[in-house]
Amino acid sequence: MIITAEIKESLEREFNICSTTINFYKRQIKILEEKYKMTTASFLAKFEKGALGDGKDFFDWYAFHKLLSNWMHTKKALQPLIK
């Protein structure tokens, strides 16, 4: 696969967007972990069992975790293309 300078620049821009977005979600998750004094792993186990209720923070936390995972997957896929 031939990657032109223009394509590489575009991929690098996307990689930087991924990095910025990942950092955002990590910060949001850390805030919620501190607020509720539990790890995300512990939260997910309780949330998926329905043991935490329907609070907005819990749905946000769940979404942040899923979105973080998706963005990390995208970043991992881009990484070898920009080296």
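**Entry 1: salt bridges**

I began with Lys-35, which is exposed at a relative accessible area of 51%, and I note at the outset that I am working from a predicted model. Lys-35 forms a salt bridge with Asp-57, with 2.7 Å between the closest N and O atoms. Since Lys-35 belongs to helix α1 and Asp-57 to helix α3, the pair ties together parts that are 22 residues apart in sequence. I looked up Asp-57 as well and found it partly exposed, at 21%.

I then counted three salt bridges. One of them joins the side chains of Glu-34 and Lys-30, at 3.3 Å from N to O, and both residues lie in helix α1, four residues apart, or about one turn of the helix. Another joins Asp-60 to Lys-56, whose closest N and O atoms are 2.5 Å apart; these two are four residues apart in helix α3. Here I found Asp-60 partly exposed at 23%, whereas Lys-56 is exposed at 60%.

**Entry 2: aromatic pairs**

Phe-43 and Trp-61 are stacked, 4.0 Å centre to centre with 0° between the planes, and they connect helix α2 (residues 40–48) with helix α3 (residues 56–78). Both Phe-43 and Trp-61 are buried. Phe-47 and Phe-59, by contrast, pair edge-to-face, at 5.2 Å and 85°, and because Phe-47 is in helix α2 and Phe-59 in helix α3, this pair ties together parts twelve residues apart in sequence. I recorded Phe-47 as buried at 15% and Phe-59 as partly exposed at 43%.

Finally, I noted that ring pairs link a cluster including Tyr-36, Phe-58 and Tyr-62.

Key. Residues numbered from 1 in each chain as written. Predicted model: local features only at pLDDT ≥ 70, side-chain atom pairs only at ≥ 80, totals over all residues. Heavy atoms only, no water. Phe/Tyr/Trp six-rings, centres within 6.5 Å; stacked < 30°, edge-to-face > 60°. Buried < 20%, exposed > 50% of the residue type's maximum accessible area, 1.4 Å probe, protein only. Salt bridge = Lys/Arg side-chain N within 4 Å of Asp/Glu carboxyl O.
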